[in-house]
Amino acid sequence: MNNPLAKFMTANGRIKEDFLDQLAFNEKMAELGRLSAGVIHELNTPLSVIVSAAQMILREEDLPDFVKEMVERINLEAQRLSQYTRGVLSFARIEGEGAAEADVNQVLREVMAFLNYEAQKRSITVIEKMDYHLPSVVADGNRLKQIFINLIMNALQAMENGGTLTLRTLALDDRAVEVLITDTGPGIPSETIAHIFDPFYTTKEPGEGTGLGLFVTRNLVELLGGRIEVESAAGKGTTFTIIFPLS
Ligand SMILES: Nc1ncnc2c1ncn2[C@@H]1O[C@H](COP(=O)(O)OP(=O)(O)OP(=O)(O)O)[C@@H](O)[C@H]1O
Ligand SMILES: [Mg+2]
């Protein structure tokens with residue numbers, strides 16, 4: 001068996017501790033990234049004060065050569081540092097700050113446009129029941145997309161021979177936003193439903209699923225302060241509900 005994830009697992013199929021350490025390490029690195037973005041931001045203000053002070057001195061006439069030379073150096077090096085910090089800051093922003101306001105309906109529609117081909121090729125009907133007065137949630141749009149892609153892809157894969165996918169959004173008394181993703185697939189047997197969020201739990205053929213989709217999805221939802229629930233009836237289908245708090 002040539003499982004690319006074998007290196008993360010022990011012989012009896014458990015996750016290796018150092019993989020969990022790696023996940024914790026990644027979290028720490030992300031935290032470090034956020035911290036250093038903050039530090040660098042703090043550096044920028046004094047740096048620009050240094051640059052403008054140096055430039056004011058340089059405007060003086062009759063500066064002794066030595067002073068002129070030293071202040072030019074200060075000016076140049078401070079500018080270099082300031083350019084560097086701006087570069088690091090814009091890089092940090094690519095990682096997503098998580099503070100943006102996101103329109104859940106809009107993100108869902110974008111994801112569905114992206115997955116439309118996957119629905120069409122399985123003859124799946126897509127129904128949208130959006131609440132048009134949905135307040136925006138505080139979340140990084142890319143994280144939201146990842147959550148919806150994982151859940152919708154699972155729903156489509158559960159309906160290989162066609163069915164109906166329903167995407168529903170609703171506002172809960174201005175306290176939370178709820179997203180319901182319902183499929184008419186075979187459902188999840190009650191014996192296994194407790195395991196679907198476990199890392200590496202999959203019923204798909206080797207090479208078709210890693211079993212990490214729902215594990216990652218739940219982590220992303222919890223990072224946003226939300227929670228995810230599942231309800232399934234054999235032969236009828238499955239509904240995943242994601243609840244995003246508003247404050
Ligand atoms: N909508 C659904 N209907 C029926 N079963 C589902 C549904 N969503 C998830 N499952 C079950 O949960 C398992 C785990 O899902 P998960 O998304 O974590 O992994 P995966 O889809 O198998 O692999 P990957 O997401 O890495 O491609 C699936 O293999 C499937 O058995
Ligand atoms: Mg999946």
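From the N terminus on, the elements of the chain are arranged as α-α-β-α-β-β-α-β-β-α-β-β. The model is predicted. Its secondary structure comes to five helices and seven strands. The chain has 247 residues, and buried residues make up 33% of them. Among contacts with a separation of 6 or more, 69% are accounted for by residues 24 or more positions apart.

**Helix H4**

H4 takes part in two helix pairs, one with H3 and one with H5. H4 has 17 residues. From its first C-alpha to its last it reaches 24 Å, close to the 24 Å expected at 1.5 Å a residue. Its buried residues are Leu144, Ile147, Phe148, Asn150, Leu151, Ile152, Met153, Ala155 and Leu156.

The two pairs are set out below.

| Pair | Axis distance | Angle | Crossing | Residue classes in the contact |
|---|---|---|---|---|
| H3 and H4 | within 9 Å | roughly 40 degrees | right-handed | 14 nonpolar, one polar, three charged |
| H4 and H5 | 9 Å | about 145 degrees | left-handed | seven nonpolar, five polar, one charged |

**H3 against H4**

H3 covers residues 104-120 and H4 covers residues 141-157. Their axes cross at roughly 40 degrees, which makes H3 oblique to H4. H3 passes H4 in a right-handed crossing. On the H3 side, the contact involves Val104, Val107, Leu108, Glu110, Val111, Met112, Phe114, Leu115, Glu118 and Ala119. These meet Gly141, Leu144, Lys145, Phe148, Ile149, Ile152, Met153 and Leu156 in H4. By class, the residues of this contact divide into 14 nonpolar, one polar and three charged. Leu144, Phe148, Ile152, Met153 and Leu156 of H4 meet H3, and they are buried.

**H4 against H5**

H4 and H5 pack at an angle of about 145 degrees, and their axes lie 9 Å apart. The crossing is left-handed. H4 supplies Arg143, Gln146, Ile147, Asn150, Leu151 and Asn154. H5 supplies Gly213, Leu214, Val216, Thr217, Leu220, Val221 and Leu223. The contact has seven nonpolar, five polar and one charged residues. Ile147, Asn150 and Leu151 of H4 belong to this contact, and they are buried.

H5 spans residues 213-223. Within H5, Leu214, Phe215, Thr217, Leu220 and Val221 are buried. H5 is followed by Gly225, whose phi is positive, near 80 degrees.

Leu220 is placed in helix H5. With a relative accessible area of 14%, Leu220 is buried. Leaving aside neighbours within four places in sequence, Leu220 is in contact with Arg143, Gln146 and Ile147. Leu220 and Gln146 are 74 residues apart along the chain. Their C-alpha atoms are separated by 8.4 Å.

**Positive phi in two loops**

Asp173 is a residue other than glycine with a positive phi, near 45 degrees. Asp173 is found in the loop between strand S4 (163-172) and strand S5 (176-183). Its relative accessibility is 61%, so Asp173 counts as exposed.

Phe200 also has a positive phi, near 75 degrees, in a residue other than glycine. Phe200 is found in the loop between S5 and H5. Its relative accessibility is 14%, so Phe200 counts as buried.

Notes: Residues are numbered from 1 along each chain as its sequence is written. Chains are lettered from A and ligands numbered from 1 in the order in which they are written. This is a predicted model: local features need pLDDT of at least 70, side-chain atom pairs count only at pLDDT 80 or more; totals for chains, interfaces and linings use all residues. Side-chain values use heavy atoms; hydrogens and water are left out. Axes are lines fitted to C-alpha atoms, for helices over the stretch in contact, and angles run from 0 to 180 degrees between N-to-C directions. Helices (H or I, at least four residues) and strands (E, at least two) are DSSP runs, numbered from the N terminus. Angles under 35 degrees count as roughly parallel, over 145 as roughly antiparallel, 65 to 115 as roughly perpendicular and the rest as oblique. A crossing is left-handed if the near helix is turned anticlockwise from the far one by less than a right angle, and right-handed if clockwise. Contact means heavy atoms within 4.5 Å. Ala, Val, Leu, Ile, Met, Phe, Trp, Tyr, Cys and Pro count as nonpolar, Asp, Glu, Lys and Arg as charged, and the others, Gly among them, as polar. Buried means under 20% relative accessible area, exposed over 50%, partly exposed in between (1.4 Å probe, protein chains only). The expected span of a helix is 1.5 Å times one less than its number of residues.
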